[in-house]
Amino acid sequence: MDINGFPRQFARTRRFTLGTPRQFTVSPDGERVLFVRSASGTDARGLLWMYEDGQERLLAGHPAPSGGVTAYAADRDARVVAYAADGELWTVRAESGPEHRPDSPPGAPEHASATAAPFRIRTAGPVTDARPSPDGTLIAYVTDGALHVVRTDGTADRLLAAPEDADVGYGLADYCATASIGRSRGYWWSPDSDALLVARVDTSMVRRRYIADPADPEKPPVAIRYPAAGTPNAETSLLVISTGGDRTPLPLPHAVPEEQTPPGAWTAPAFEYLVSASWGSAGPVAVLQTRDQRTVWVVAADPAGGGYEVLSRMSDENWVRFQPGTPPHTPGGVRILPWVRGDVRGIRIGDAISPEGLYVREVVGSVGERVFFTASEEPTEVHVWSYEEGPGFVRLTQDPGVHTAAAGGSTLVVDSMTENGQSVTVRRAGRPDGRIAVLTEKPLVIPAPVHLTLGARELRSRLHLPSWYAPGQERLPVLLSPYAGPGLQVVTRGRGWYTAVCQWYAEQGFAVLATDGRGTPGRGIAWERAIVGDRLGPVLDDQVDALHAAAERYDALDLGRVAIRGWSYSGYLAAGAVLHRPDVFHAAVAGAAPADRRLYDSYWEERFLGHPDVQPEGYERSSLLPHAHRLSRPLMLVHGLADDNVAPAHTLRLSAALLAAGRPHTVLPLSGAGHLVHAEGVADRLLALELDFIQRALARTADVS
C-alpha cells in the first residue's frame with residue numbers, strides 16, 4: 001500500500017470517479033449500448049461511446065481543455081445522439097465503424113477512428129439539456145430559459161417558448177426538483193415527435209441568496225434562488241407546445257380536497273411539487289405532490305387541454321415516497337405503481353405485488369411487458385430483479401454488492417459495484433456477451449473492511465483495522481466516519497471511494513467505524529421515519545450504540561480516544577456528536593455542516609420537521625446553534641465558500657455562536673470550493689489537515705487521561 005500517495009490519487013481521480021462508465025442507453029433492438037466514460041482514470045474529459053458486437057467504439061470526444069461530453073440523449077432507436085459540450089450543441093449518429101480498444105488513448109485521431117464525425121449545430125445561445133425527438137428528426141434544447149427546437153441537420157431553428165421575464169424559465173427543473181426530488185428534466189417529447197410537454201417555472205417568489213468570493217472582493221456576487229424551509233417555492237406548471245409553436249396549458253389539480261387531506265399539526269394541501277412527468281402512449285402523465293409531502297397523485301392529462309384523470313392517489317401521515325423511475329404503465333398498458341406492504345416499500349405491476357420483505361429501490365426500465373427494477377432483501381445489497389407474467393418476480397444478480405441495470409431488446413447491461421470494485425457486464429438473452437471497460441484507477445490503499453451487525457437494532461456497520469495490526473497489540477484510537485443521513489448508504493457490499501478513505505485512515509493507526517443508522521434507506525418505513533421531528537438524536541444514538549457494540553466485540557478499540565469526521569449531513573452529525581456526547585467523542589471534524597436546519601431547503605427539511613413557523617420545536621431540537629455553549633472538545637469546522645447547497649452561513653453562524661459562548665474551535669474556509677471538494681491541491685491537502693487535527697486532538701486526550 002502507498003499510504004503517502006493516496007491523498008493525491010484521491011484528488012487526481014476525483015474520488016475515483018474518472019474512467020467510470022455511466023448513463024447507459026440500450027437500443028430497443030438490443031444491438032447498441034451508448035454510454036459516457038472519461039478518457040482515463042485521471043483525465044476528466046468526457047467521451048461518448050458505443051458498445052456493439054462485443055466491441056467498444058468512440059462516438060464523440062473533444063480536445064482538452066474542453067470538459068467533453070458529460071451527458072447526452074438519444075432518439076427512440078438510439079441512433080441520433082445529441083449532447084452539449086462547453087455550451088455548444090453537437091449531434092452524432094450511432095453507426096457501426098472501426099473498433100477502438102479501451103486501452104488506447106481515447107480521442108486521439110491517430111489511434112482511434114470515430115464511427116461518424118460529430119456535427120455542430122448553431123444555436124441561439126449556450127445549450128442546456130439537448131434531446132432528440134423520438135423519430136430523430138428534431139432536437140430540442142434550452143438556452144437562457146427559452147425552449148428551442150432545431151432540425152437534426154442544423155436548419156430551421158425555432159423558438160417555442162421565451163421567458164416572460166428573468167424569473168421565468170421553460171424546459172428546466174427548479175432547485176427543489178434537481179437538488180432534493182431527483183428530477184433534472186423539464187420537458188418531454190410526445191411519442192409522435194410533434195409536440196413537447198414543457199414545465200414552466202416561475203421563481204419570482206423564491207428568496208435570493210448571494211454567493212461571493214471573499215478572496216476576490218472586486219468580483220460581484222452571484223444571486224441564486226433558494227427555497228429555504230418555510231419560505232415560498234417556485235411555481236411549476238405544465239403546458240403542451242407543438243413543434244409549430246401552438247401552446248395548450250394542461251389543467252392539472254391545484255390541491256387535495258380538504259376531506260382527503262391527512263390530519264396533522266401542519267397541512268399544506270396545494271400540489272407544489274412536480275415529482276416526475278412523462279409522455280407515453282397514454283398521453284402526458286404527471287406525478288404531483290403536496291407541499292406537506294403527505295399526498296401524491298398520478299395524473300393523466302389530455303394534451304388538448306380537455307381535463308385530467310387521476311390514475312392513483314397515495315397519502316400518508318408522514319410523507320409519501322414515490323419510487324424513482326416508476327412509470328404509470330408498460331407499453332401494453334399494465335400499470336406500475338409503488339406499493340406499501342407492511343413496513344416495506346414494494347411495487348405493484350398490474351395485479352402482481354413484489355414479494356414480502358423485498359424493499360424496492362427503483363424501476364430501471366421495461367422491455368415489452370417485462371419490467372426491470374432494483375431491490376434489497378438485505379440492506380447492504382441491491383440486486384436487479386425483473387417481473388413478467390409467467391416467470392413472475394426473478395432476481396437476476398447474485399454476487400454480493402450494489403447492482404443496477406439498463407435494458408433494451410434481449411440485452412441487459414448490469415452495472416455492479418462489489419467489494420472488488422466496479423464491473424459492467426453485457427448480457428444477451430440471459431447469457432454473458434462481454435464487458436464494458438472500467439478505466440478507474442485502483443486505489444493505492446485497498447479497503448479490507450469487516451462487515452458487522454451490531455446492537456439491539458442490528459446496525460449495519462463496517463470496521464476498518466490497519467493491515468499491519470495484530471490482535472493483542474496496543475489498542476487503537478477510534479475514528480467514526482459515517483454518512484448516516486437520509487437518501488444514502490455507505491455500509492454496503494460495494495467498494496466506494498469512501499471505503500478507501502476509511503482504510504487510509506486505518507493505515508494511519510485508527511480503528512475506523514462506519515454505521516448506517518435510523519433514517520438511512522433500505523431498512524423499512526419505520527426505520528426511515530425514526531428521525532421525524534429530530535434530525536440528530538436517533539442518528540447519534542445509533543452511532544454511539546454501534547461504537548460500544550463494536551468495542552465489546554473487538555478489543556482493539558480504545559474508547560478513551562474517539563473522534564468523528566464527516567461532510568454535509570455527516571459533518572452536522574460530527575459537530576452534534578461533540579456538542580451532545582462529549583463523554584463519548586473527544587474530537588470532531590465537521591465539513592459543510594447544515595448547522596441551522598431553517599437555512600436548508602424546503603423539500604428536504606419540511607419532510608422531517610414540518611413547517612418551521614408551525615412546528616418550531618423540531619427545528620430548535622435539530623439545530624446545533626442553541627447547543628454551542630456545550631462544546632468542550634476540539635472541533636474543526638470546514639466549509640467551501642462557494643457552496644450553493646449548504647450555504648457557508650451555516651458554519652459562520654455556528655462559529656459565531658461558539659465564539660459568543662467562549663468556546664474555542666478551528667475554522668478552515670476553502671476559497672472557491674463548492675459543496676463537493678475534489679480539486680487537486682485542495683481535496684488531498686484537506687485529508688492531511690483533517691488527519692493532523694484528529695491526531696493532535698486525541699494525543700491531548702491521551703495525555704490528560
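A residue counts as buried when its relative accessible area is under 20%. Keep that cut-off in mind. One more thing before we start: this is a predicted model.

Let's open with salt bridges. How many are there? The count comes to 33 salt bridges. I'll take a few of them.

Start with Arg37 and Glu56. Their closest N and O atoms are 2.8 Å apart. This pair links distant parts of the chain. Arg37 sits in strand 2, residues 32-38, and Glu56 in strand 4, residues 55-60. The two are 19 residues apart. Buried or exposed? Arg37 has 0% relative accessibility, so Arg37 counts as buried. Glu56 is buried too, because its relative accessible area is 6%.

Next, Asp167 and Arg225. Their side chains meet in a salt bridge, 2.8 Å from N to O. Asp167 lies in the loop between strand 12 (158-161) and strand 13 (168-170). Arg225 belongs to strand 17, residues 222-225. So this pair ties together parts that are 58 residues apart in sequence. Arg225 has a relative accessible area of 18%, so it is buried.

Now Glu388 and Arg370. Here the closest N and O atoms are 3.8 Å apart. Glu388 is in strand 29, residues 383-388, and Arg370 is in strand 28, residues 370-376. They are 18 residues apart. Glu388, at 30% relative accessibility, counts as partly exposed. Arg370, at 28%, is partly exposed as well.

There is also a network. Salt bridges link Arg457, Arg518, Asp542 and Asp545.

On to helix 9, residues 649-660.

Which residues of helix 9 are buried? They are His650, Thr651, Leu654, Ser655 and Leu658. These cover an arc of only 125 degrees around the axis, so they lie on the same side of helix 9. Why does that spacing work? An α-helix has 3.6 residues a turn, so residues three or four places apart point the same way.

The buried residues of helix 9 pack against helix 6 (569-580), strand 41 (635-640) and strand 42 (666-670). On the other side of helix 9, Leu652, Leu659 and Ala660 are exposed. Gly662 follows helix 9, with a positive phi near 75 degrees.

Last stop: His627. Look in the loop between helix 8 (616-622) and strand 41. His627 counts as buried, because its relative accessibility is 13%. What does His627 touch, leaving aside neighbours within four places in sequence? His627 is in contact with Leu579, His580, Glu620 and Arg621.

Key:
Residues numbered from 1 in each chain as written. Predicted model: local features only at pLDDT ≥ 70, side-chain atom pairs only at ≥ 80, totals over all residues. Heavy atoms only, no water. Buried < 20%, exposed > 50% of the residue type's maximum accessible area, 1.4 Å probe, protein only. Helix = DSSP H or I, 4+ residues; strand = E, 2+ residues; numbered from the N terminus. Arc of directions from axis to C-beta. Contact = heavy atoms within 4.5 Å. Salt bridge = Lys/Arg side-chain N within 4 Å of Asp/Glu carboxyl O.
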